[in-house]
Amino acid sequence: MDLQELLDLGYTEEMDPDELELRIAERNEHPVIQYVKMFPFEDAYYNPDDVPICDIPEPLTWVAPGHDLQRPKRLRCGPVRIKGSTGEKGRLFVSCSNSRFHYLRGKNNHCWSPKCPVCLNDSCLRTGTRIEMRYVEYRLLCEKQGIEHGNVGHWIISPPQDQMRWIMQSHVWFNRFRRRLQQDLCKVGCLGGRLVFHPWRMKDCTWENGPHFHGVLIGFLDTKAFLDTHPGWVIKKVHSKDELQSIRLTFAYLTTHEGIGLYERNPTSDDYTSKILNYYLPGLNSNDDTGQNGSEKRMFRYTEEDQADEVLGKGRMVGEIGNFDWLGYAMEPQFSQISDNYFGVLANNMIKTVDRESYRVTRTCTQCGGTLNVYSGICDQCGEAASHIFENKVRAFARDAPYVKEVLPGLKDSLRIDGCTMGDLTPDVAMIVSDKEVMDNIASSRPKDAMAEYQRHVAARKIA
């Protein structure tokens, strides 16, 4: 949040951090999410010719984000509190050790699924951040090698509505149509990007059927050439005369009301034994942590509630299965979610992971560099340093990957002698880029003078 927004919330240095955090969380939720939660969605089913369902390959069911109302209770999503605390007392929150004005967020458990109404806002923001990192990876690799990387723009692409409503009834048809659309965009000047599908449009307090795609695309598109080969379509650039201000926030907005397509899988394709073992022993199958298109698969994690339950001799950490949702366990694997994917120069086969390293990082404030601490309620004035395990992936263009993998072991040996990490090395090497370098590049473009601005504002008020 910027300074003016905090002042609008009535911020003072003496304000109860719980109260301020709740106000910030309410203000930070994207306005569209309220429309998603409040207004009804029209059924996306479309079959004017009454074609038998058995003749539709892998039928798709489209649902809106935040639709699984039981998920927060099932996965314990929401605020983390000290065991036995009530109300706002005992709420865990993360704050800057120097000034709460710099950073203040409540500590929450997340399933990070767009299906969850509690995690939807944070899930969209994290999705936007991860997608932005891919675009920045590509840009940095191009700049290092002197390659023109092209401009990034936000486009809306609308196929003929009746045709699209029928195509979106089948997973097979939809995937085939989307691949063809990506190829056609590349033929008219698009270098690559990512498409987001919206089955609905907001109209008169109702989400009505209106299938269309949004794309954040790299390059200049010849819209005339595209429309010549796609009569009846609509394609236009959003804010055509302006630069795209934020890839992260654009995708966060788009995913707040993105269609979630579910299709039924073959029951024999799942290993239920491994799934139940992984539920009780998180990370047991960590060698298989990738899903379709190289995307990360959500693994089970122990929460602080799990650890508190273990002390009392109950919960999944001690093997208790009395409260286990066997119906959900049996049914959930039968439905897969259709996923978005990168194409063109951003495709997974164009940029490869050549190395990765993991280490513990203490979280620091982006405003002043001070340590971010975890506090147990307002009476806790000391707190404990907040930290997390950071996995730093090193990426390279696919054409450079074989050579990079050959020379990396020697570079890593020299780094160990100097006590450095790959993140310290990649800014000076042309063929590789790391997550740390990408995050530093993104952070450097964001304002860091909020505290100085606040102090000037306070001084001006005192003088007045």
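1. What share of the 464 residues in the protein is buried? Buried residues make up 41%. Here, buried means under 20% relative accessible area with a 1.4 Å probe, protein chains only.

2. This is a predicted model, where local features need pLDDT of at least 70, side-chain atom pairs count only at pLDDT 80 or more, and totals for chains, interfaces and linings use all residues. Residues are numbered from 1 along each chain as its sequence is written, and side-chain values use heavy atoms, with hydrogens and water left out.

3. The protein has 16 helices and 17 strands. These are DSSP runs numbered from the N terminus: helices are H or I with at least four residues, strands are E with at least two.

4. Look at helix α5 (residues 120-144) and helix α15 (residues 435-444). Their axes come within 10 Å and cross at roughly 95°. Therefore α5 is roughly perpendicular to α15 (65 to 115 degrees). Axes are lines fitted to C-alpha atoms over the stretch in contact, and angles run from 0 to 180 degrees between N-to-C directions.

5. Contact means heavy atoms within 4.5 Å. On α5, the residues involved include Met133, Val136 and Leu140. On α15, Val438, Met439 and Ile442 are among them. By class, this contact has six nonpolar, one polar and six charged residues. Ala, Val, Leu, Ile, Met, Phe, Trp, Tyr, Cys and Pro count as nonpolar; Asp, Glu, Lys and Arg as charged; the others, Gly among them, as polar.

6. Contacts can also be sorted by sequence separation. Of those with a separation of 6 or more, 75% join residues 24 or more positions apart.

Key: Parallel < 35°, antiparallel > 145°, perpendicular 65-115°, else oblique. Buried < 20%, exposed > 50% of the residue type's maximum accessible area, 1.4 Å probe, protein only.
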